[in-house]
Number of protein chains: 2
Amino acid sequence: MVSIKDVAKDAGVSPQTVSNCINNPAIVKPATRKLVETSIARLNYTPNASARRLRTQRSNTIGIGIAPVSYSQVYDRFLHALVTEADANGIRVILYKTDSQQDEIRQFDALRSRGDVDSFVLTDTTHDDPRLAWLHEHHQPFVLFGRPWGARIMNDPATPWVDVDGHYGIAEMTQHLILHGRKHIGFIGWPGISGTGMDRYQGWRSSMLDARMANADELDQLYEEAKNDILSGQTACIELLDRRPDIDAIVCVSDTLAIGAATVLPNDTDIIITGFDDTVSARSMGLSSIAQPLIESARHIVRITQEQLAGSAPASAGGGPHRPGAAPHASTDDQHVLLKPTLVIR
Amino acid sequence: MVSIKDVAKDAGVSPQTVSNCINNPAIVKPATRKLVETSIARLNYTPNASARRLRTQRSNTIGIGIAPVSYSQVYDRFLHALVTEADANGIRVILYKTDSQQDEIRQFDALRSRGDVDSFVLTDTTHDDPRLAWLHEHHQPFVLFGRPWGARIMNDPATPWVDVDGHYGIAEMTQHLILHGRKHIGFIGWPGISGTGMDRYQGWRSSMLDARMANADELDQLYEEAKNDILSGQTACIELLDRRPDIDAIVCVSDTLAIGAATVLPNDTDIIITGFDDTVSARSMGLSSIAQPLIESARHIVRITQEQLAGSAPASAGGGPHRPGAAPHASTDDQHVLLKPTLVIR
């Protein structure tokens, strides 16, 4: 068993400096930290989590924000999954308000300075998310639920994330429809360039092109944008069918839009509408949908957080060794986990 | 200014005993506590909140649970309002899972024994809620968001609550429809005897009877029950109109059911459908609804919690003095606040 003294000897520093690097890296000079982190990686040093907690008196708490209007239909289910997994691992969850990304940075600062929180979980990640810059600058541990859209390096060891593969889910759904004889499959997506929305759109687009179901011009005709409410889904569906009366299926980027689309179809329609998120209401209407693995997502987020709390996942030293069985659907490494959603066909 | 020594002298006990009664009542004999509480009430003793916090090293934290499936369409908006008000008052919010009422009691016990939480906010209150018995027995401060349905004494000083008057909201909506010429107003409610659901149902029923729009037999014909999903709303609406084709308005207990009902009406219908909760989707469809004052609710919950933290609202000594302006819509007293929702007519 490698001890903190072995690391200190290997790096040519004092044990206290090694401890500082793990528990309070901000107070250590970058060059020294680099030395110690290299030794930690080389010796594969993993401190005992419980002992560390006793010693460091960490608050053992993660913080997560809630927005005035949830971006996700399943945000409350995700929160439940997160607190369930945290609870099973002796970690508390502090909930704070986040009215904007700048507001969330103020919360980071306040919670961090009071020692209330060890790590943060960020949701609703955007292109060039200013929250990431702040967290990196302050050496504050965090995990993203969502990807760092637009980042130069998606799998930067300093930016751990867990996400659900929307591209995969929508592609699977589109392919399912193609394989069941649908020829003219429309898509209702969100406006703007949200990473999540673009990712799901590309899942439909690439499946259609790969199967030569449409060329690029036709894809434009088969595509409508809608804000995420029922009326917008209704309007988009009517527009699509006006333009292309031959449409025989519509893949929607969300259950809300799918419900809108489904409610303007005549009763005897043969057109299939599919959604995303497998909500109670979509289920009640018999719509096929795509279920996010929220519990598994939460499990990975809590695992990464625990490794941070234990100091075994230094932000700039790369992910730990891959543990077989721990992440059956993980795509890349222990610190960057892309989970596959599940088709729910009705 | 009354001091802790004045209370001790009045009650014939030591200042430490008074302090214990306020900060750690479980360790004081009931008879002694009663004496001290009587003196506190008589002398109107209100300790300084900040000083007390410094002295008592309270965690200054409230706990609130989240269920696997939210009972409310606006639970996330309520959580946001709660953490916003808490933040403005220097109070942290810990979120924990609650898979059942018994599970929530286990959480109470764990959070309380670790000193993580000073007070709890309970939602989704039910008849003979076992959580209340546990909290009372353990002298654990809490505030209900919702009423203690079925309680012998609704305004028990030991059971502070804040709620939104669903009876009033549905009655106002029904009366609005009557005053705008609707003669045959149906109601789609929830099955079972949930306090919230019964309260809203009675708002419709009493308004119809008062205005002599229907007798009791007719009311049964104008009433349908539905689970809270869109399909059930659709089915209930079709049933109602089959039975009573003369229906010219349907008041629904929730926006979800209203959306269901609205989506099965023909496009040229004159029938008005109304919902409850003023959600984005109901708004998008132009449905009238009833908005809960969530921010005001959160404000009262945090105020009552602060009074608990400050020790100025001993559970068995009744509410504090009513402060004019603090609770414009308060119905009863400072510890039992019934807020009026707002009609949103479209």
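How many nonpolar, polar and charged residues are in the lining of the second largest pocket? The lining divides into 24 nonpolar, 13 polar and 3 charged residues; Ala, Val, Leu, Ile, Met, Phe, Trp, Tyr, Cys and Pro count as nonpolar, Asp, Glu, Lys and Arg as charged, and the others, Gly among them, as polar.

The model is predicted, with local features needing pLDDT of at least 70 and side-chain atom pairs pLDDT 80 or more, while totals for chains, interfaces and linings use all residues. Residues are numbered from 1 along each chain as its sequence is written, chains are lettered from A in the order in which they are written, and side-chain values use heavy atoms, without hydrogens and water.

**View 1. The second largest pocket.** This pocket (an open set of points on a 1 Å grid where a 1.4 Å probe fits, with protein on both sides within 12 Å along at least five of seven lines) has a volume of about 1000 Å³. It is lined by 40 residues, and the closest to its centre are T263(A), A262(B), T263(B), V264(B) and L265(B); a lining residue has an atom within 4 Å of a point. Two or more residues each come from α11 (230-243) and β9 (272-274) of chain A, and from α8 (166-179), α11 (230-243) and β9 (272-274) of chain B.

**View 2. Helices α5 and α14 of chain A.** The axes of α5(A) (residues 75-88) and α14(A) (residues 294-309) come within 8 Å and cross at roughly 45 degrees. The crossing is right-handed. R77(A), F78(A), A81(A), L82(A), E85(A) and A86(A) of α5(A) meet L294(A), I295(A), A298(A), R299(A), I301(A) and V302(A) of α14(A), where contact means heavy atoms within 4.5 Å. By class, this contact has 9 nonpolar, no polar and 3 charged residues.

**View 3. Helices α11 and α12 of chain B.** The axes of α11(B) and α12(B) (residues 255-262) come within 7 Å and cross at roughly 55 degrees. That makes α11(B) oblique to α12(B), and the crossing is right-handed. On α11(B), the residues in contact are I230(B), S232(B), G233(B), Q234(B) and C237(B); on α12(B), they are T256(B), L257(B), I259(B), G260(B) and A261(B). These divide into 5 nonpolar, 5 polar and no charged residues.

Conventions:
Axes are lines fitted to C-alpha atoms, for helices over the stretch in contact, and angles run from 0 to 180 degrees between N-to-C directions. Helices (H or I, at least four residues) and strands (E, at least two) are DSSP runs, numbered from the N terminus. A crossing is left-handed if the near helix is turned anticlockwise from the far one by less than a right angle, and right-handed if clockwise. Grid points are joined across faces, edges and corners, and a volume is the space filled by probe spheres set on the points. Angles under 35 degrees count as roughly parallel, over 145 as roughly antiparallel, 65 to 115 as roughly perpendicular and the rest as oblique.
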